[in-house]
Amino acid sequence: MSIKTDIVDAGGLEQLEKVITEEPSLKDASVKKQLEVEDKKTEVKVGDCHIFDYQKFSIPRLGSEKDAIRLEHDFDRLDFDVHRYLDLSVSKTKDVLLEASKKNHSQSKYFVCCFLTHGDSGKLYMPDGDIDIDAILSYFSRTSCPSLSGKPKIFIIQACRGNCCEEGITEITGDGIDESTDPGSIGDNPDYLDFLIANSTYEGTYSFKTLNLREKTKNHGSYYIDELCRSLEHFSSEKDLLQILTIVNYRIAIFFKSRTDDSETNMKKQMPCVTSRLRTKINFNKKIDIFESVDTQHFDQKRKMHDLGLQSMQNPSLDHQLYHIPCSENIKFLSILNTAGNSELKLNFLAAELWSCVAEKKYQRAEKENLNKRDLKNYLKKYAYQLKSTVKKLLSILKNNEGCEDLLNSLTKMNYELVKDFEFYSLSDKNRASFSLHSTLTKMVKLP
């Protein structure tokens with residue numbers, strides 16, 4: 001069930017056509033507007049954007065349509081062909097996903113899929129059941145959807161991922177990087193190249209939205225989708241998507257704090273998480289208009305309560321920040337290497353070359369050798385070539401000063417070259433693959 005919002009505009013055209021015999025200027029305007037509508041229908045789209053909105057639960061997700069409308073506005077302006085669905089059953093959701101996966105996407109540049117719902121670790125809820133996130137992603141793997149092979153597939157998920165709260169910290173310092181681990185859903189499976197998953201929160205934690213069961217007009221949507229769309233509207237013409245999502249992380253981490261009637265969830269923080277196996281940047285290269293409504297005004301009022309939030313509204317570019325790394329000595333490389341019984345792999349030589357490069361850049365060094373872990377030893381035996389490939393590409397980034405790009409984009413480029421040049425292998429399958437990275441960074445990182 002696709003919800004189309006252009007019916008009102010079409011009705012407006014019909015009304016204009018009734019009076020064109022009286023006002024030639026109105027006729028010209030009507031024809032011009034009609035041509036603009038027809039051009040919009042026939043123009044080549046960047047790709048499809050599917051928005052799944054689920055509201056009918058025992059505790060309804062009131063106001064979620066505000067998020068869906070906002071996402072539709074932004075991705076429509078970015079030249080996506082947008083489809084919205086409301087309260088589909090598990091079966092209907094799978095039908096839509098299957099149909100989307102069978103479509104010929106050969107002319108598409110990107111693919112976007114958004115889910116607005118309740119969730120838990122590894123699953124998303126529908127009114128009549130749930131679907132594993134892995135199952136959703138599987139519809140668009142290289143095997144299931146060949147026409148999207150090699151093209152970025154973007155999944156935006158506004159949902160809880162557990163029942164714990166993020167307490168936050170009292171102060172964020174220059175080196176305050178969140179190091180929480182997130183297994184994600186795409187692992188090292190070679191069938192899942194070129195996926196980007198933008199989660200509203202990291203594994204095991206709540207994701208917050210406004211909820212007022214007494215006054216429905218006070219349900220304004222979710223904090224994450226508001227900041228995501230606000231950041232797209234500010235930066236879609238000048239920054240790539242990983243940079244934009246890092247700005248979203250910063251804005252949520254700094255400006256947001258929950259307000260609930262439950263002491264266990266009141267005054268808590270939220271930390272979005274990005275999982276990427278991209279091999280190329282995602283650049284929209286298009287300026288889109290700012291979406292304004294009573295709901296965006298609500299979130300603006302919340303921002304104004306924070307000094308940095310007020311600065312952000314006056315000058316959004318202030319939110320594009322770098323971690324301040326004043327000198328090379330502030331960076332430490334840790335190596336865990338087991339060479340016992342594996343001298344034929346010449347990993348010692350490769351490690352020495354890496355440490356030489358690290359020393360030239362004056363990074364700190366920490367090394368642990370010959371750990372007696374059977375699985376680590378077997379890994380070194382079986383995947384030594386993969387390790388060599390990774391280290392070689394890391395050396396290339398360091399030696400060729402590719403650190404002039406931010407770290408996430410350098411690693412994305414590294415992903416591309418590992419697959420192209422080194423047949424980077426998956427741990428679970430001897431097929432071309434890449435590594436995945438999980439980021440809760442709130443600022444860009446550039447190596448000195």
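This is a predicted model: local features need pLDDT of at least 70, side-chain atom pairs count only at pLDDT 80 or more; totals for chains, interfaces and linings use all residues.
1. Strand β9 (residues 273-276) has C273 and T275 pointing one way and V274 and S276 the other, and all are buried. Buried here means under 20% relative accessible area, exposed means over 50%, and partly exposed lies in between, with a 1.4 Å probe and protein chains only. Helices (H or I, at least four residues) and strands (E, at least two) are DSSP runs, numbered from the N terminus.

2. Residues are numbered from 1 along each chain as its sequence is written, and side-chain values use heavy atoms, with hydrogens and water left out.

3. Overall, the protein chain contains 13 helices and 12 strands. Of its 448 residues, 48% count as buried. Contact means heavy atoms within 4.5 Å; among the contacts in the protein chain with a separation of 6 or more, 78% are between residues 24 or more positions apart.

4. Strand β9 belongs to an open sheet of 7 strands, in the order β2-β1-β3-β7-β8-β9-β12, with mixed pairing. The edge strands are β2 and β12, each of which pairs on one side only. The twist averages 10° from one strand to the next. Two strands pair if DSSP finds at least two bridges between them. Strands of a sheet pair through backbone hydrogen bonds, either parallel or antiparallel.

5. The pairings around β9 can be followed residue by residue. Strand β8 (residues 195-199) is joined to β9 by 4 bridges, and the two run antiparallel; I197 has T275 of β9 as its bridge partner. Strand β12 (residues 437-439) is joined to β9 by 3 bridges, also in the antiparallel sense, and here T275 stands opposite H438. Strand β7 (residues 153-158), by contrast, pairs with β8 in the parallel sense over 5 bridges, with A198 of β8 as the bridge partner of I156.

6. Two helices lie across this sheet. Helix α6 lies across β3, β7 and β8, running at about 140° to β7. Helix α7 lies across β7, β8, β9 and β12, running at about 160° to β9. For such angles, axes are lines fitted to C-alpha atoms, for helices over the stretch in contact, and angles run from 0 to 180 degrees between N-to-C directions.

7. L245 gives a residue-level view of α7, the helix of residues 241-255 in which it lies. L245 is buried, with a relative accessible area of 3%. Leaving aside its neighbours within four places in sequence, L245 is in contact with L196, A198, Y224, L228 and V274. The C-alpha atoms of L245 and V274 are 7.5 Å apart, although the two residues are separated by 29 residues along the chain.

8. Helix α4 (residues 90-102) has 13 residues, which at 1.5 Å a residue should span 18 Å, and its end C-alpha atoms are 18 Å apart, which agrees. The expected span is 1.5 Å times one less than the number of residues. The buried residues of α4 are V90, T93, V96, L97, A100 and S101. They cover an arc of only 135° around the axis, so they are on the same side of α4; the arc is that of the directions from the helix axis to the C-beta atoms. On the other side, E99 and K102 are exposed.

9. A second open sheet has 3 strands in the order β4-β5-β6, with antiparallel pairing. Its edge strands are β4 (119-120) and β6, each pairing on one side only. Helix α4 packs on this sheet, touching β5 and β6, and its direction makes about 35° with that of β6.

10. Which residues of helix α8 (residues 294-304) are buried? They are D295, T296, H298, F299 and R303. Seen down the axis of α8, these buried residues fall within an arc of 150°, so they line one face of the helix. What covers them includes α3 (64-77), α6 (223-235) and α9 (307-314).

11. On the cysteines, a disulfide is a pair of cysteine sulfur atoms within 2.5 Å, and by this rule the count comes to 0. C160 is in no disulfide, and the nearest cysteine sulfur, that of C165, is 8.9 Å away. C160 is buried, with a relative accessible area of 17%. C164 is likewise in no disulfide, the nearest cysteine sulfur being that of C165, 7.6 Å away; at 44% relative accessibility, C164 counts as partly exposed.
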